[in-house]
Amino acid sequence: MDRGTVNANPLTAAALMIIVKTLLAALPEFAARADGGLPDFGNAPRIFIANHTSHVDTLTLWACLPAYLRAQTRPVAALDYWGATRLRRHIALRGLRAVLIDRSGHTPKTHVLKPAQDALRAGSSLILFPEGTRGSNDRLGPFKAGLYHLAQQMPNVSIIPVYLSNTRRSLPKGGWLPVPLICTARFGKPFTLKPGEDKERFLARARDTVTALGSRD
């Protein structure tokens, strides 16, 4: 399976957008705006980082992006889940153009993030959930080191914090069918890795930035 460059299927992407907007509304909010009232998404490429409590998180954040940015943004997703069935693979690869990451341990640790690094170098933006797995409540868990390593590889990349609201209520961990609810994605101010900033401080700062966006609920 090609986990790198894939071609989107426009019909699949359009169908996903209709389903997401119908069930979840997927409304964006912008805490930081640039001149002219437009949202400030920083410089390309970008990494959107968000809290993770539901399987609809990726779809909600993706659907909240402006169309021009959605077309160049690829979610980072787990190969073991999104590659497990033909339907999931089709949604991930043909609908979302996801970058699939192998968490099985079969891929050397030094190569696990290579598909995401390659996507950034090619000019794509990414959607990343730094907790690494879904939480069971609204409190963010510790951020994994992957975000730091990506920021190290491309120190000029803009990192956009996002807080997703109501996705856990729509489809909690262990659930199968989403409950129709209005889900929102609140986008914060872009930031980057500071010169000399170590892994622990950077990950704590990134986590605090996402948490602060959620504290407004």
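User: Why is Thr-58 called buried?

Analyst: This is a predicted model, in which local features need pLDDT of at least 70, side-chain atom pairs count only at pLDDT 80 or more, and totals for chains, interfaces and linings use all residues. Residues are numbered from 1 along each chain as its sequence is written, and side-chain values use heavy atoms, with hydrogens and water left out. Thr-58 has a relative accessible area of 11%; buried means under 20%, exposed over 50% and partly exposed in between (1.4 Å probe, protein chains only). Thr-58 is therefore buried.

User: What does Thr-58 touch, not counting residues up to four places away in sequence?

Analyst: Thr-58 touches Pro-75, Leu-96 and Phe-129, where contact means heavy atoms within 4.5 Å.

User: What makes H1 roughly perpendicular to H2?

Analyst: Helix H1 (residues 10-24) and helix H2 (residues 57-64) pack at an angle of about 100°. Angles of 65 to 115 degrees count as roughly perpendicular, under 35 as roughly parallel, over 145 as roughly antiparallel and the rest as oblique, so H1 is roughly perpendicular to H2.

User: Which residues of H9 are buried, and which exposed residues does the face turned away from them carry?

Analyst: Phe-202, Leu-203, Ala-206, Val-210, Leu-213 and Gly-214 are buried, whereas the face turned away from the buried side carries the exposed Glu-200 and Arg-201.

Terms used:
Axes fitted to C-alpha atoms, helices over the stretch in contact; angles between N-to-C directions. Helix = DSSP H or I, 4+ residues; strand = E, 2+ residues; numbered from the N terminus.
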